[in-house]
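Here is a short briefing on one protein structure. Please keep the sequence and the coordinates at hand while reading.

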Amino acid sequence: MQVDAVVLDIDGVLVDVGDSYRRAIIESVDRVCGKTIERDTVQAFKDAGGFNNDWELTDAAALYVLARREGLGLDPVAFTDRVAEAGGGLAAAKAVVGDLPRVAQARVRDQWDTERLRETFQALYLGEELYRELEGGEPPLSAPGYIHDEPTLVRSETIGDLTERFDVGVLTGRPAAEAEIALERVGLDVPEDRRFTMDDWEEGKPHPRALVELAERFGAERVAFAGDTLDDVRTARNADDEDAGRVYYGLGVLTGGLTGEDGRRKFAENGADAVVDDVNELVGLLE
């Protein structure tokens, strides 16, 4: 696996977001809907695909909770399986909720407050000071900010080894400002033209455009993309299908929601070229 460039996801690869983004999903739904989902269900939504944006995952989780209240007879596994079958993402979640009678669907829509969900999520995740700075207003609640509870997963020597040996880029579903905070925390200096964030592309993973464009900017022939979700691997597979002039490798990292042998199996079933226990194994793998 000789590569010219390495592209890294941030969440679950460079920093641990189990007690930040994923906690914010669970608690936002609870605060707004009065009931929430389990942590394992967050991963089930991720596995279903199309939820690179955690705001949309929060919306979908809230939609599920409200639909269950109105009589939707699907447990979380059955619901997320149906979402996957419908193509993944928020649009698929809406389609599954279409199983409800029309009157029940209308009640769900009336209770589904996506604006309040997003404001609550950002207040929990950012905390009061960063919320005012990045959102430009007063937070709807007081919280210290889960963004401060993101342990680093990558060692400084790994950063040095990767940047010395390869062109390094970043492809993340984070907003640009939040990506910058994480990159500063881990000590990875990536120029803006070598990163794609939520603010830079509408399609989101697993659409291949951003990865292919990064490869073009690098002038690379062989690119490895390391991420912690199935959509990260699917992104590499889609890029390999679309861009016949280059080779793309999808690498699964077991420090996000997918772990252990079950995580390895799911990555393999979705076309991962290799799976590593953590990002610090990348240099040895790629050499």
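This is a predicted model: local features need pLDDT of at least 70, side-chain atom pairs count only at pLDDT 80 or more; totals for chains, interfaces and linings use all residues.

Residues are numbered from 1 along each chain as its sequence is written, and side-chain values use heavy atoms, with hydrogens and water left out. Helices (H or I, at least four residues) and strands (E, at least two) are DSSP runs, numbered from the N terminus.

**Nonpolar cores**

- The largest nonpolar core has 78 residues. A nonpolar core is a set of buried Ala, Val, Leu, Ile, Met, Phe, Trp, Tyr and Cys residues joined through side-chain atoms within 4.5 Å. Buried means under 20% relative accessible area, exposed over 50%, partly exposed in between (1.4 Å probe, protein chains only).
- Helix 3 (residues 54–69) gives the most to this core, with 10 residues.
- Leu8, Leu14, Phe45, Phe79, Leu188 and Leu282 have the most contacts inside the largest core.
- Another core, of 17 residues, lies apart from it; Phe196, Ala210, Val223 and Tyr248 are among its members.
- Leucine 282 touches Val6, Leu8, Leu162, Ala226, Leu251 and Val276, not counting residues up to four places away in sequence. Contact means heavy atoms within 4.5 Å.

**Helix 4**

- Phe79, Thr80 and Val83 are buried in helix 4 (residues 76–85).
- Seen down the helix axis, the buried residues of helix 4 fall within an arc of 90 degrees, so they line one face. The arc is that of the directions from the helix axis to the C-beta atoms.
- An α-helix has 3.6 residues a turn, so residues three or four places apart point the same way.
- The buried residues of helix 4 pack against helix 2 (39–48), helix 3 and helix 5 (89–97).
- Val77 and Glu85 are exposed, on the face of helix 4 turned away from its buried side.
- Aspartate 75 caps the N-terminal end of helix 4, with a side-chain oxygen 3.2 Å from the backbone nitrogen of valine 77.
- Glycine 87 follows helix 4 and has a positive phi, near 105 degrees.

- Six of the seven residues of strand 5 (residues 247–253) are buried, so the strand is largely enclosed by the rest of the structure.
- Strand 4 (residues 222–227) runs parallel to strand 5, and six bridges join them. Two strands pair if DSSP finds at least two bridges between them.
- Phenylalanine 225 has glycine 250 in strand 5 as its bridge partner.
- Strand 6 (residues 274–276) is also parallel to strand 5, joined by three bridges. Valine 253 stands opposite valine 276 in strand 6.
- Strand 4, helix 11 (residues 230–242) and strand 5 form a right-handed β-α-β unit. A crossover is right-handed if, with the strands pointing away from the viewer, the path from the first strand over the helix to the second runs clockwise.
- Strand 5, helix 12 (residues 260–269) and strand 6 make a right-handed β-α-β unit.

- Leucine 117 lies in helix 7 (residues 114–135). Its relative accessible area is 1%, so leucine 117 is buried.
- Leaving out residues up to four places away in sequence, leucine 117 touches Ser28, Val29, Val32, Thr58, Asp59, Ala62 and Trp112.
- Asparagine 280 sits in the loop between strand 6 and helix 13 (282–286). Asparagine 280 counts as buried because its relative accessibility is 14%.

Note on methods
A polar contact is a pair of N or O atoms within 3.5 Å; within protein, one must be able to donate a hydrogen and the other to accept it, and residues adjacent in sequence count only if both atoms are side-chain atoms.
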